[in-house]
Amino acid sequence: MKDVYVDCVVLGAGPGGLASAIKVKELGIDRVVLIESDERLGGILPQCIHPGFGIHYFKEDLTGPEFAHRLIKKLFDLQVKTYLNSLALKIIPAKYDEKIAIIASADEGIIRFHTKTIIYATGARERHRHELGIIGSRPAGVYTAGQAQAFMDLYGIMPGKDIVIVGSGDVGLIMARRFALQGANVKAVIEIMPYPGGLTRNIQQCLIDFGIPLYLKHKVVKINGRKRVESVVIVEVDENLSEIPGTEKILKCDTVVIAAGLIPNIDLLKDAGALLDPSTKSVIVNDFLESSIPGVFVIGNALVINDLVDYVVEQGQHAAKSAVTFITEGGLKGYPWKRVIKGNNIRLMVPQLISGEQDVIFYGRVAKPENNVRVVFEEINKGFFYLHVRPPEMLRIKVNRDAFEPLINKDENKITISIKKVKRG
Amino acid sequence: MDNLIIESVLELSSTYNVAIIGAGIVGASIARVLSQYENLNISLIEKEADVGWGVSKANTALIHGGYDDDPQKYPLRAKFCAKGNELWRKWVEELDIPNKWEGALIIATEERDIHELKDLLRRGKINGVPGMRLIYEKSELERLEPNITDDVIAALYVPTVGQMAPYEAVIALVENAVANGVKLHLLTKVIGVIQENGTIKGVKTNKGNIKTDIVINATGLYADEISAMVGVSNFKITPRRGEYYIFRREAGPKVKKVLFPAPKPHTKGVVVNTTVEDRLLIGPNAQDLPIDMKEATETTFEGLNFVWENAKKLVKKLPPKNLIIRTFSGLRPEPTGGDFIIAKYDNINYFINVAGMRSPGLTAAPSVAYYVVELLKQYGIPLKKKKKWNPIRKGIKKFYTASFQEREQLIKANPLYGKIVCKCDLVTEAEIIEAIRRGATTIDGIKFRTGAFMGECQGNFCLVKIARILARELNIPIWKVTFKGPGTEIGVGDATQYILKKEGHEK
């Protein structure tokens with residue numbers, strides 16, 4: 001086993017990891033390494049051939065591969081040391097300013113990186129049929145959206161002809177359109193909630209424009225078929241999401257695509273003892289995006305499932321700045337952290353702790369849709385008007401450092417974020 | 001005079017062709033045992049694309065003690081189970097099959113259960129099961145099994161109960177049999193038995209005829225159909241479905257012992273155990289299906305709910321349902337009469353049924369295989385042992401269970417050991433290529449040989465990677481890679497070709 005001493009290890013070379021590694025290097029830290037388990041860079045972006053990437057970050061509408069390419073080019077220009085085919089197996093928080101990341105690398109064997117900081121950018125995985133409780137047979141033709149996308153757009157495989165999509169989030173909608181464009185017959189998109197899970201523009205552009213039916217308040221309960229999928233059983237649900245007996249319908253199809261959410265990949269952080277937040281299914285971070293393990297920063301879908309790659313890159317750059325501070329100053333200051341409290345209709349909110357001494361970008365989601373509301377930061381008496389808030393649309397709210405002054409002055413140890421109805425008139 | 005001499009030489013060196021139909025745990029065990037004999041030329045015939053994909057792959061994966069088969073009612077089950085348990089201890093070592101021997105507790109929660117346990121203890125003694133004892137002391141039970149239900153009033157402890165991965169056992173047996181000269185025919189379905197005047201001449205298959213002198217029918221759910229081909233139709237095999245939940249490795253509390261409820265009439269009940277892969281497994285129920293549903297391995301609400309409710313009764317706590325990796329079901333071959341059917345017949349020479357191998361079929365398989373040798377001897381077949389027979393088979397070296405030092409060496413020797421394909425269970429490309437070298441041609445073949453795809457993400461990322469490796473190694477278009485053989489391709493065609501056809505540019 002080889003021991004290598006560095007300042008920063010970035011785990012995962014998707015958009016978040018790439019942006020982090022670039023920024024750390026740009027800020028003058030040479031001893032930064034980027035670790036990627038796949039044989040190529042870019043994470044999931046290369047298979048996302050639709051546009052809609054980079055509107056915020058590059059101020060241009062790019063496809064996934066284009067977005068990835070720009071970051072990768074920058075990475076190469078900066079000559080960041082990169083390990084492909086290399087997977088992190090274990091993170092050991094050895095000392096305050098020394099973490100050990102054990103990596104299996106096809107080219108170099110087992111490497112023990114001794115590092116001051118880690119930026120954890122390992123993305124998320126997709127929920128699968130068994131996690132949705134879909135019973136029945138286990139034939140060919142059941143794929144997650146990501147698998148189907150990789151099949152079609154990386155390897156030229158046509159996964160099926162008659163498609164039922166489970167979940168109307170943006171991923172499900174984009175896959176519906178993708179299948180339609182490739183000549184498949186998209187039978188239906190099935191959504192358990194009473195409202196669609198994706199952006200309004202995607203409902204129009206991916207379903208309505210292609211005449212694809214959307215079944216709200218429905219779920220797929222069963223898959224039939226011996227060798228290949230032959231049909232699915234769908235059922236209507238009531239307002240408690242319970243199945244309504246007698247509403248079962250059979251939809252004939254040969255392919256079921258599961259697009260029902262993502263789960264952050266945080267196994268190594270869990271094993272290393274990082275504190276968890278059940279609402280994000282990830283770890284708790286402060287406004288430096290640092291986990292409860294000092295010097296271990298978490299970003300992107302590993303931290304919170306993001307709507308836009310731009311947000312992921314933003315988090316990567318922010319964590320990079322925090323990591324550089326950690327490296328150059330021998331750690332971050334011991335702030336009296338203020339807890340972020342999820343108030344009315346807030347389902348999740350990141351970061352979970354703030355210092356009050358820097359600008360903070362909050363990323364959150366509401367539990368249920370509402371119109372004409374203010375997102376209120378109670379203890380600092382600040383609010384932001386929203387025409388509507390919906391669970392599928394991530395709230396991204398930037399609060400300047402100045403606004404936190406009341407917290408510091410009053411020695412407040414929490415900040416509560418709530419959705420409040422705006423009174424008419 | 002010359003002719004006579006030649007004939008006697010033939011007699012001495014005469015080789016018998018044996019066709020074993022069905023490469024499940026029973027057929028594979030028989031193949032291994034028969035491969036010790038020099039004068040048997042063995043074909044192992046399997047209709048699926050790989051071995052062990054019928055009854056053998058989906059069950060509770062237990063090596064039973066042998067205490068619950070009533071020797072009066074089910075003499076063959078009683079005779080072969082405890083002996084099989086003993087043989088497996090040797091076989092798992094020789095064949096490098098992951099195993100553990102933690103023992104079982106059969107749990108009584110009410111007075112009348114205790115009578116059942118006493119019955120089991122009595123039967124176990126008759127069947128030769130060592131070390132059993134009835135425990136009433138709660139503190140001792142808690143020590144043996146910290147997660148045992150608070151409602152326990154007594155339990156029968158059976159220290160000899162073991163566990164293994166049954167699919168891996170079949171693979172190991174077949175690899176060993178093949179290494180010792182057995183010829184394996186996959187995707188070969190027997191459609192008839194060729195006989196002349198009550199003597200076997202061969203079997204007819206979808207891939208042509210295979211000449212044979214002896215037929216051994218080990219076809220699990222289909223044993224009645226194969227048997228009927230030679231006119232032996234005095235039994236039926238009906239499918240009895242059992243459903244299961246399997247949890248993530250991190251899901252707990254796990255159990256140390258295998259936990260059974262006090263028995264009910266036609267099943268050993270819902271079992272709670274921790275598999276050799278260190279995952280909590282609960283199941284099965286027992287649902288008798290019509291005889292024409294021999295492929296009905298779907299899961300059902302009713303079945304799964306039954307399993308959940310009954311598993312709950314054995315432990316203090318089950319993990320939350322969101323830690324379930326998957327649900328699955330398996331079919332057990334339930335024979336007329338309930339006992340194994342291991343027999344030869346007067347009306348047809350050299351045809352042996354090894355049928356109705358329901359529970360404890362997995363446990364009994366080795367002892368049944370040796371019994372088949374006895375049946376062959378009863379036919380007067382002179383069996384000669386090979387001078388060189390190799391009992392040893394090594395499993396694929398797993399990165400997951402290797403130490404960091406070993407991992408370093410593995411990667412140095414073969415860099416593909418550093419290329420991790422399945423992140424849940426750290427299965428490397430080296431292991432996948434080795435699985436293909438050993439005969440895997442499908443995603444499931446890889447899964448059962450390496451453990452890839454079995455983890456919490458259920459192949460989220462590794463499906464595509466494994467498909468690419470299979471396509472490359474088998475030199476086939478990637479969409480033609482299958483999950484479980486023909487008809488289960490991952491795609492329906494090449495994506496570009498597909499759209500061209502659809503738009504009418506190409507025929």
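Q: What makes the meeting of the side chains of Arg393(B) and Glu175(B) a polar contact?
A: In this predicted model, the side chain of Arg393(B) comes to 2.8 Å from the side chain of Glu175(B). A polar contact asks for a pair of N or O atoms within 3.5 Å, one able to donate a hydrogen and the other to accept it, and the pair is therefore counted as a polar contact. A polar atom of the side chain of Arg393(B) also lies 3.5 Å from the backbone oxygen of Asp96(B).

Q: Why is Leu184(B) called partly exposed?
A: Leu184(B), which is placed in strand β9 of chain B, has a relative accessible area of 29%. Since buried means under 20% and exposed over 50%, with partly exposed in between, the value of 29% makes Leu184(B) partly exposed. Leaving aside neighbours within four places in sequence, Leu184(B) is in contact with Ala23(B), Leu44(B), Val51(B), Val174(B) and Val178(B). The C-alpha atoms of Leu184(B) and Ala23(B) are separated by 8.6 Å, although the two residues are 161 residues apart along the chain.

Q: How do you know that Thr115(A) is buried?
A: Thr115(A), in strand β6 of chain A, has a relative accessible area of 1%, and as the cut-off for buried is under 20%, Thr115(A) is counted as buried. A polar atom of the side chain of Thr115(A) lies 3.3 Å from the backbone nitrogen of Cys8(A). Leaving aside neighbours within four places in sequence, the contacts of Thr115(A) include Val6(A), Asp7(A), Val9(A) and Asp97(A).

Q: Why is the pair of Asp7(A) and Lys116(A) called a salt bridge, and which parts does the pair tie together?
A: The closest N and O atoms of Asp7(A) and Lys116(A) are 3.1 Å apart, and a salt bridge needs a side-chain nitrogen of Lys or Arg within 4 Å of a carboxyl oxygen of Asp or Glu, so the pair is called a salt bridge. Asp7(A) lies in strand β1 of chain A and Lys116(A) in strand β6 of chain A, so the pair ties together parts that are 109 residues apart in sequence. At 10% relative accessibility, Asp7(A) counts as buried, whereas Lys116(A), with a relative accessible area of 25%, is partly exposed.

Q: What makes the pair of Glu434(B) and Arg437(B) a salt bridge within one helix?
A: The side chains of Glu434(B) and Arg437(B) meet at 2.8 Å, N to O, and as the cut-off is 4 Å, the pair is a salt bridge. Both residues lie in helix α11 of chain B, three residues apart, about one turn of the helix. An α-helix has 3.6 residues a turn, so residues three or four places apart point the same way. Arg437(B) counts as exposed, at 61% relative accessibility.

Q: Why is α4(A) described as largely enclosed?
A: Nine of the 12 residues of α4(A) are buried, so this helix is largely enclosed by the rest of the structure. Among the buried residues are Leu173(A), Ile174(A), Met175(A) and Phe179(A), and what covers the buried residues includes α3, β12 and α5 of chain A.

Q: What makes Arg226(A) and Glu298(B) a salt bridge between the chains?
A: The side chains of Arg226(A) and Glu298(B) meet at 2.9 Å, N to O, which is within the 4 Å cut-off, so the pair is a salt bridge. The count between chain B and chain A is six salt bridges, and the area buried between the two chains is about 4,600 Å².

Key: Residues numbered from 1 in each chain as written. Chains lettered and ligands numbered in written order. Predicted model: local features only at pLDDT ≥ 70, side-chain atom pairs only at ≥ 80, totals over all residues. Heavy atoms only, no water. Buried < 20%, exposed > 50% of the residue type's maximum accessible area, 1.4 Å probe, protein only. Helix = DSSP H or I, 4+ residues; strand = E, 2+ residues; numbered from the N terminus. Contact = heavy atoms within 4.5 Å. Buried area = accessible area lost by both parts, 1.4 Å probe.
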